Amino acid sequence: MASEEMEQLVRRDYKEGFVTDIESDTLPPGLDENTIAFISNKKGEPEWMLEWRLDAYRQWLKMQEPSWAHLDYPPIDYQAISYFSAPKRPEDRPQSLDEVDPKLLETYEKLGIPLHERAALAGVAVDAVFDSVSVATTFKKQLAEAGVIFCSISEAIRDYPDLIKQYLGTVVPVADNYFAALNSAVFTDGSFVFVPEGVTCPMELSTYFRINAANTGQFERTLIICESRAQVSYLEGCTAPMRDENQLHAAVVELVALDDAYIKYSTVQNWYPGDEDGKGGIYNFVTKRGECRGERARISWTQVETGSAITWKYPSCILRGKDSIGEFYSVAVTNGRQQADTGTKMIHIGEGTRSYIVAKGISAGKSDQSYRGLVKIGPRAKGARNFTQCDSLLIGDKCGAHTFPYQEIGNSTATIEHEATTSKIGEDQLFYCQSRGISEEDAVSMIVNGFCKDVFQELPMEFAVEAEALLNVTLEGAVG
Amino acid sequence: MLQVNDLHVTVEGKEILKGLTLTINAGEVHAIMGPNGAGKSTLSAVIAGKDGYEVTQGSITFEGQNVLEMEIEERAQAGLLLGFQYPVEIPGVKNIYLLKSALNAQRAARGEGEMPAPEFMKLVKEKLGFMKMDASFLQRAVNEGFSGGEKKRNEILQMLVLQPKLAMLDEIDSGLDIDAMKVVADGVNSLRAEERAILLVTHYQRLLDYIVPDKVHVLVDGRIVKTGDAELAKELEANGYEGIEESVA
């Protein structure tokens with residue numbers, strides 16, 4: 001876009017302009033109200049949605065970027081980011097796998113990713129039609145028959161405005177935190193799932209199979225709603241390392257579970273961690289929160305985090321409904337120069353609510369990792385219970401692991417248990433395995449997978465197998 | 001089978017073994033005895049390939065192969081197996097999984113395929129029974145929460161499953177009550193075979209009442225100062241190591 005064109009856009013009031021005649025598909029870097037109007041217009045959104053975004057933006061302007069996390073990174077220049085970009089044109093992308101970083105291809109090989117998918121993941125311009133398209137079509141039909149809505153958030157804003165108005169921003173309010181406010185203002189992609197009363201979603205839903213989900217958004221927004229007695233298992237991410245042009249990622253995920261509903265949300269995240277010095281890696285600032293709004297509702301977060309240069313992420317549960325249950329199972333792996341500050345928040349509001357936290361952190365290389373968890377028991381949460389287990393495993397002597405558990409107990413009938421361990425993959429453990437004939441690499445993988453077992457068994461079967469393979473690849477060469 | 005020749009080993013700059021020479025033939029049971037700090041455990045650790053031990057002089061060959069040039073796992077795959085004095089705990093890794101991985105790694109090194117699961121289970125259950133261990137041991141994490149006696153029995157169980165050519169047992173009797181010692185000794189005795197050798201490292205003679213060695217070596221200050229048969233161990237029991245040291249001096 002030419003600069004005078006941009007200036008024109010900037011000067012024009014969003015309410016009048018922006019509706020027509022915008023030829024370019026990409027915005028230059030910068031963020032103001034016009035940027036937001038441009039995005040909203042591009043997405044064909046109704047007026048109320050634009051107002052919602054602008055409200056978020058105005059609140060964001062008054063907020064400060066949080067600095068409490070145990071993370072160290074240079075300041076982010078939010079005006080240097082482009083907030084809307086069309087997919088790269090085919091001629092600008094690698095023309096074949098020969099042009100792709102051989103290290104990346106090696107990883108695909110080790111993970112056993114099919115050839116045609118490798119090209120797409122590496123961003124190669126390909127014409128081939130994927131099998132997944134036809135698979136997705138079959139899926140769509142099955143879902144429609146069950147009454148499940150599964151589409152992009154943009155489609156949902158256009159096609160199901162009442163549901164969006166009713167639920168969007170009700171779990172993570174627009175001004176919840178700095179990154180959530182930014183996301184609310186500028187989100188461009190994400191998923192929407194609605195499972196009606198009494199329906200068990202007939203299959204595991206995965207972004208991987210969502211039509212039109214070819215590009216991972218920089219600011220993703222996901223909203224999942226389960227009505228009474230509804231159930232869904234949602235898989236996010238991909239074990240293959242994803243190349244992405246955008247360094248900053250700030251997603252928001254909201255889950256709503258009504259009476260007796262069950263939402264299981266599993267993530268395997270393997271974004272580019274950067275080179276050996278940590279250069280070029282993804283910054284991942286995510287707000288994920290679920291609310292058990294109904295009685296006996298249950299929300300379960302399972303995550304395997306191996307990628308990103310910086311991870312700031314605390315999938316949480318608000319346990320409002322009586323006897324509702326929140327769960328958090330996490331494996332976070334950092335290697336090289338990666339930094340992660342991750343954990344969960346369990347907010348007990350309703351009577352008899354229960355939460356269960358199992359967090360496993362593995363640090364290798366020169367990486368640094370923190371577990372940060374809050375268990376809050378409100379005055380009305382009679383008989384609430386929490387169990388927290390928090391284990392750290394260190395590989396080598398240049399990495400770090402930290403635990404920050406917070407507890408706010410406003411009720412004398414609550415039961416809270418916390419267990420924490422820190423251990424090192426000892427040379428003596430390795431020697432023990434090796435002296436039985438097992439190679440060093442297999443020994444490391446055996447010890448690490450043993451350490452993560454409690455979490456892996458919470459993952460859907462095929463994801464668990466992939467996660468194990470992923471861990472092995474991530475930690476390759478971490479010892480010795 | 002095993003030849004150790006003029007072995008000098010330094011740990012953190014301090015010479016522990018000072019020219020140790022030892023030959024073990026197939027079918028033999030050897031016991032190395034000696035006072036604390038004489039270098040008994042160092043010998044088996046160096047043969048197994050533990051880090052932190054620097055060989056400054058001498059050689060170790062096993063069936064004609066230069067052991068000092070082999071990786072730790074290659075030594076095990078060649079048939080050298082060390083039973084630990086202090087077996088290591090590995091949380092989350094099931095005992096059965098370690099056994100299976102170790103057995104299959106050794107089979108792979110010999111060019112054999114993985115042992116079929118039913119055959120493997122049959123083998124393990126049989127050995128487990130022999131060691132008077134409950135089947136629940138297999139599902140427990142390696143050595144985690146095991147008592148001292150359970151850990152030692154577990155070491156012997158591994159030996160029975162892996163069937164090494166040379167079984168080295170480092171202070172396998174330490175911390176055992178008499179009943180546990182008998183079970184462990186039965187396990188070790190069941191390993192005795194024409195094609196196999198056993199090397200016991202022990203401080204006390206009492207183990208040798210149950211596992212009668214063919215040869216006893218007395219290790220003092222980094223060298224073998226005396227070699228004899230099972231009677232030598234009894235002499236030591238009666239007179240202590242000091243008598244030997246004096247006679248050498």
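Which residue forms a salt bridge with Glu155(B)? In this model, which is a predicted one, the partner is Arg436(A), and the closest N and O atoms of the pair are 2.8 Å apart. Between chain B and chain A the count is one salt bridge.

Let me stay with Glu155(B) for a moment. This residue sits in helix α5 of chain B, which covers residues 148-162. Is Glu155(B) buried or exposed? Its relative accessible area is 0%, so Glu155(B) is buried. Its side chain has a polar contact with the side chain of Arg436(A), at 2.8 Å. A polar contact of 2.3 Å also links the side chain of Glu155(B) to that of Tyr432(A). Leaving aside residues up to four places away in sequence, Glu155(B) touches Tyr432(A) and Arg436(A) in chain A, and in chain B Leu82(B), Gly83(B), Phe84(B), Pro87(B), Asn143(B) and Ile172(B).

Now the interface as a whole. Chain B brings 30 residues to the contact and chain A brings 18 residues. About 1,900 Å² is buried between the two chains, and carbon and sulfur atoms give 67% of that area. Counting pairs with both residues at pLDDT 80 or more, 10 residue pairs are in polar contact between chain B and chain A. On the side of chain B that touches chain A, the elements giving two or more residues are α2 (72-78), β6 (80-83), β7 (90-94), α3 (95-109) and α5 of chain B. Of these, α3(B) gives the most, with six residues. That side of chain B divides into 17 nonpolar, eight polar and five charged residues.

Next, the cores. The largest nonpolar core has 117 residues, and those touching the most other members are Val331(A), Ile362(A), Val448(A), Leu7(B), Leu43(B), Leu166(B) and Leu200(B). Helix α11 of chain A, residues 440-456, gives the most to this core, with nine residues. Apart from this core lies another, of 54 residues, including Tyr73(A) and Val171(A).

Cys317(A) counts as buried because its relative accessibility is 0%. From Cys317(A) to Thr344(A) is 27 residues in sequence, and 8.0 Å in space from C-alpha to C-alpha. Beyond four places in sequence, the residues touched by Cys317(A) include Trp301(A), Glu327(A) and Met346(A).

Notes. Residues numbered from 1 in each chain as written. Chains lettered and ligands numbered in written order. Predicted model: local features only at pLDDT ≥ 70, side-chain atom pairs only at ≥ 80, totals over all residues. Heavy atoms only, no water. Core = buried A, V, L, I, M, F, W, Y, C linked by side-chain atoms within 4.5 Å. Buried < 20%, exposed > 50% of the residue type's maximum accessible area, 1.4 Å probe, protein only. Helix = DSSP H or I, 4+ residues; strand = E, 2+ residues; numbered from the N terminus. Polar contact = N/O pair within 3.5 Å; in protein donor to acceptor, adjacent residues only side chain to side chain. Contact = heavy atoms within 4.5 Å. Buried area = accessible area lost by both parts, 1.4 Å probe. Salt bridge = Lys/Arg side-chain N within 4 Å of Asp/Glu carboxyl O. Nonpolar A, V, L, I, M, F, W, Y, C, P; charged D, E, K, R; others polar.
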